[in-house]
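Try each task before reading its solution.

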Amino acid sequence: MRIPWSEGGSTTRPGRASPPAGGRKWRLLLVPALGVAVICQLSLTGSAGASTAAATAKTGTSVATGAVAPNGANELDCNGWSQKYRAVAPEAGALCTDPIKVLNGKATRFVDNGWYVGHDEPSVKFISSTPGSGNTMTYVMKLSKDPRRLPTANGSVVDYAQLSPAPWFGLPICDPKSYPQNPCTPDSDSNSGLISDPGAAGAAFMELQFYPPGFTPAWTDNISCNATKWCAAITIDSLACTFGFATCNNNCIEPVNFAYMQTNGVPTGPPSPQLANVNTFTPNRNTLMLNPGDVVVTSIYDPPQGLTAVVRDLTTHQTGFMTASARNGFMNTNIADCSGTPFSFHAEYSSARQQNQVPWAALEGGVLMEQEIGHGEVCNAVKYQDPAVNPSGATGYTDPQAYQTCVGGSEGKKAVGEGPCTSSGCQNATTQGPNGPVACPTNNPASGALCEFSDGYCFPKGVRTAFINGKPVAEVSRVAECNQERTQNGDLDYDGQSYLPDWPNGSRNFPTSIQYVGPFQANGKPYPQIQFETDTAGSENLCNVATGVGCTAPPISAKFYPFWSLSPQFNALGTRTTQCIWNFGNDQPNTIKDFGKTAQYGTPNLARYGGTLISAVQPNPQFSGGCRL
């Protein structure tokens with residue numbers, strides 16, 4: 001049996017010399033990955049997982065029976081705007097779930113303690129009524145490879161991390177201590193996810209994220225685990241509000257659990273919102289590292305121990321896994337005092353029906369395949385030093401060479417960039433205009449305005465010295481680059497690299513597309529239906545989310561917006577039939593379907609949230625028409 005995209009000959013299972021026919025060949029591909037998942041599940045009961053959980057439990061101070069008090073610096077607000085606590089990883093705002101605020105059954109934009117925190121997440125939602133399709137699935141993907149040349153300040157050569165810091169797979173999760181603070185029955189379609197239902201189940205959202213290389217370190221102030229390799233992590237975001245946002249705890253509004261995929265299944269540091277520290281976000285020798293171009297099988301399933309993700313690299317034959325369990329240090333968050341309770345998370349739904357959603361999330365997921373975009377701006381130079389201190393001293397991370405403003409680059413050679421920001425406000429703040437960036441009506445980044453107040457964090461090209469737990473470390477940026485996370489969540493004037501035609505299109509100067517097959521259900525069958533969607537409009541200054549006017553993809557004034565497409569993969573799995581591969585970015589040289597490019601995302605869903613564009617439900621095109629198995 002041959003694996004898609006393999007270049008070094010066939011890989012044949014004993015006793016299976018001839019390729020299987022039809023959907024059966026896909027099931028055989030998935031068997032090894034699911035087998036590894038079972039092995040990983042069993043290994044979590046060993047002493048390594050137990051010792052980590054015990055060490056985590058000892059770190060906190062009980063505020064109530066079974067509760068753990070937060071440290072002063074933590075991840076109780078994924079966006080980093082808690083009124084009480086400092087964020088361990090300020091750059092991790094790019095990784096948060098995009099929330100909406102629901103008032104009187106209608107959704108509007110969510111503002112975190114005065115700061116707008118919207119996202120841009122073009123996605124494919126997979127739909128199935130089959131029991132188990134909402135809690136067990138497997139994806140096959142081939143990771144992107146960057147050009148051989150270094151990225152350039154004028155955008156003629158581009159790396160993948162400059163376009164998307166985190167492609168991910170998503171899934172609704174049970175959390176009775178998340179919005180709207182109601183009980184949740186794991187793996188059950190009895191749960192409601194309607195935004196208008198006061199009895200909707202308490203829900204969190206899981207993202208299994210992949211981080212491209214080249215811009216270190218990951219999330220303490222930049223976006224990559226490694227200068228040359230990919231890595232992956234599981235994140236679970238909750239929301240500390242009651243129904244209709246009648247009561248929220250702004251000290252811990254969006255708590256997040258975070259853990260890398262590890263070859264031994266043991267987190268690098270405490271994953272919980274309360275106890276997360278710099279070790280949580282710092283890869284170690286057991287963190288699964290993936291080479292660009294590797295073929296990877298990702299399995300998500302829900303055993304009694306807790307939701308488990310397994311990433312198996314078919315190229316290097318290495319496997320990483322993580323179980324979101326109390327034993328591994330995962331916790332949910334008490335809305336009253338932000339304390340944590342050890343908790344094993346589970347999938348919320350049995351099936352992936354269209355209505356099985358998270359009631360506080362902008363995206364209508366669902367089983368999702370997604371790309372996080374809008375966080376990259378290349379520069380000729382960076383200026384206005386703004387050291388990252390998260391927290392400082394012997395127990396945190398310090399980067400003296402972080403900056404606020406991007407000079408030149410994708411905005412033009414003479415561009416002065418956004419920022420700097422001081423206690424009196426921000427200079428040169430911009431927002432979306434009808435023909436390009438225009439001046440922001442305020443210089444106050446805590447006003448909730450949809451403006452780009454500064455470009456930071458920004459990093460100079462090359463190697464620089466930072467400090468982790470008081471020890472010097474070498475960090476790298478392959479080109480002078482800004483991530484636009486310091487004072488707002490992303491490129492809100494739409495002139496960075498995500499909104500230029502710098503995406504994969506077959507050019508050697510651009511990265512290759514990530515290629516996807518699947519997802520597949522537990523029985524090996526594909527999901528029969530899909531929808532395209534994106535929440536980009538929620539961040540558009542010209543979008544009226546109540547009426548849908550000005551809510552578009554591409555955003556008004558953006559020069560480009562990436563889209564999903566299909567291309568043929570001949571002789572996939574050793575057969576003579578033609579099958580199709582999902583791509584993301586621009587048209588590829590062999591694209592056969594691009595669904596109208598940006599028209600694929602449909603129209604604003606005014607019945608739920610006008611900031612989300614979504615298409616009609618349609619047959620899964622990867623396994624229909626000219627792409628049949």
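**Exercise 1.** In which sense do strand S30 (residues 462-468) and S31 pair, and over how many bridges?

*Solution.* First, some ground rules: this is a predicted model, where local features need pLDDT of at least 70, side-chain atom pairs count only at pLDDT 80 or more, and totals for chains, interfaces and linings use all residues. Residues are numbered from 1 along each chain as its sequence is written, and side-chain values use heavy atoms, leaving out hydrogens and water. Strands are DSSP runs of E with at least two residues, numbered from the N terminus, and two of them pair if DSSP finds at least two bridges between them. S30 and S31 are antiparallel, with 7 bridges.

**Exercise 2.** Is Ser 82 buried or exposed?

*Solution.* Start with its location: Ser 82 lies in the loop between strand S1 (73-74) and strand S2 (86-87). Next, its relative accessibility is 14%, so Ser 82 counts as buried (under 20% relative accessible area; exposed is over 50%, partly exposed in between; 1.4 Å probe, protein chains only). Finally, look at its surroundings: beyond neighbours within four places in sequence, Ser 82 contacts Asp 77, Asn 113, Asn 250 and Asn 251 (heavy atoms within 4.5 Å).

Key:
Helix = DSSP H or I, 4+ residues; strand = E, 2+ residues; numbered from the N terminus.
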